[in-house]
Amino acid sequence: SCSSSSPLIGALDQGTTSTRFVVYDSRLRAVAHAQVPHTQLTPHPGWVEHSPVEIATNCQTCIEMAMESLTRERRRDVKAIGVTNQRETVVVWDRRTGAPLCNAVVWSDTRTGEVVSAMAHHHSSGGEPDRDFLRPLCGLPP
């Protein structure tokens, strides 16, 4: 059993299909956990979207659920939280209000595939499309 003075670390993982929050002790044992799935919106074939409000709500819910499973004393021992997310999923926010202007476009969405293919052909070398032309800008191929 851990003493109430040993530090805890939280990890928030906002993934493609769910959000989870895990609290670890100093020996990296999970001492609290919560996970909430979120809705996959597919308004057209190949399109994948998420509600930014649902993502934020699920993050808060997971943290609250996991923290509530700890004693009040242990909650004070959480010293840091790490966050990971869906990488290339994007959302546009209103800079004045902080409100999302539309759903998040998920990394697996294919609606820009034709545009990227055209760009790869434009950046061709030796007649072959250069599928790595974006790598220096974003680290990933199209």
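How many bridges join E2 to E3? In this predicted model, 7 bridges join the two strands, which run antiparallel; helices (H or I, at least four residues) and strands (E, at least two) are DSSP runs, numbered from the N terminus, and two strands pair if DSSP finds at least two bridges between them.

Because the model is predicted, local features need pLDDT of at least 70 and side-chain atom pairs count only at pLDDT 80 or more, while totals for chains, interfaces and linings use all residues. Residues are numbered from 1 along each chain as its sequence is written, and side-chain values use heavy atoms, with hydrogens and water left out.

**The sheet**

An open sheet of 4 strands, with mixed pairing, has the order E3-E2-E1-E5. Its edge strands are E3 and E5 (78-84), each of which pairs on one side only. On average, neighbouring strands of this sheet are turned by 10° against each other, direction ignored, where axes are lines fitted to C-alpha atoms, for helices over the stretch in contact, and angles run from 0 to 180 degrees between N-to-C directions.

Strand E1 (residues 8-14) pairs with E2 in the antiparallel sense over 6 bridges, and a hairpin of 3 residues joins E1 to E2. E2 and E3 also form a hairpin, with 5 residues between them, and leucine 28 in that turn has a positive phi of about 60°. Strand E2 (residues 18-24) is mostly covered, 5 of its 7 residues being buried, that is, under 20% relative accessible area, as against exposed at over 50% and partly exposed in between (1.4 Å probe, protein chains only).

Individual bridge partners are listed below.

| Residue | Bridge partner |
|---|---|
| leucine 12 | phenylalanine 21, in E2 |
| arginine 20 | glutamine 35, in E3 |
| threonine 19 | valine 36, in E3 |

**The helix**

Helix H1 (residues 52-68) has 17 residues and reaches 24 Å from its first C-alpha to its last, close to the 24 Å expected at 1.5 Å a residue, the expected span being 1.5 Å times one less than the number of residues. Within H1, Pro52, Ile55, Asn58, Cys59, Cys62, Ala66 and Met67 are buried. Seen down the axis of H1, these buried residues fall within an arc of 155° (taken from the directions from the helix axis to the C-beta atoms), so they line one face of the helix. H1 lies across E1, E2, E3 and E5, running at about 150° to E3, with contact meaning heavy atoms within 4.5 Å.

**Threonine 42**

Threonine 42 lies in the loop between strand E3 (30-37) and strand E4 (49-50) and is exposed, with a relative accessible area of 55%. Threonine 42 and aspartate 109 are 67 residues apart in sequence, and 9.1 Å apart in space, C-alpha to C-alpha.
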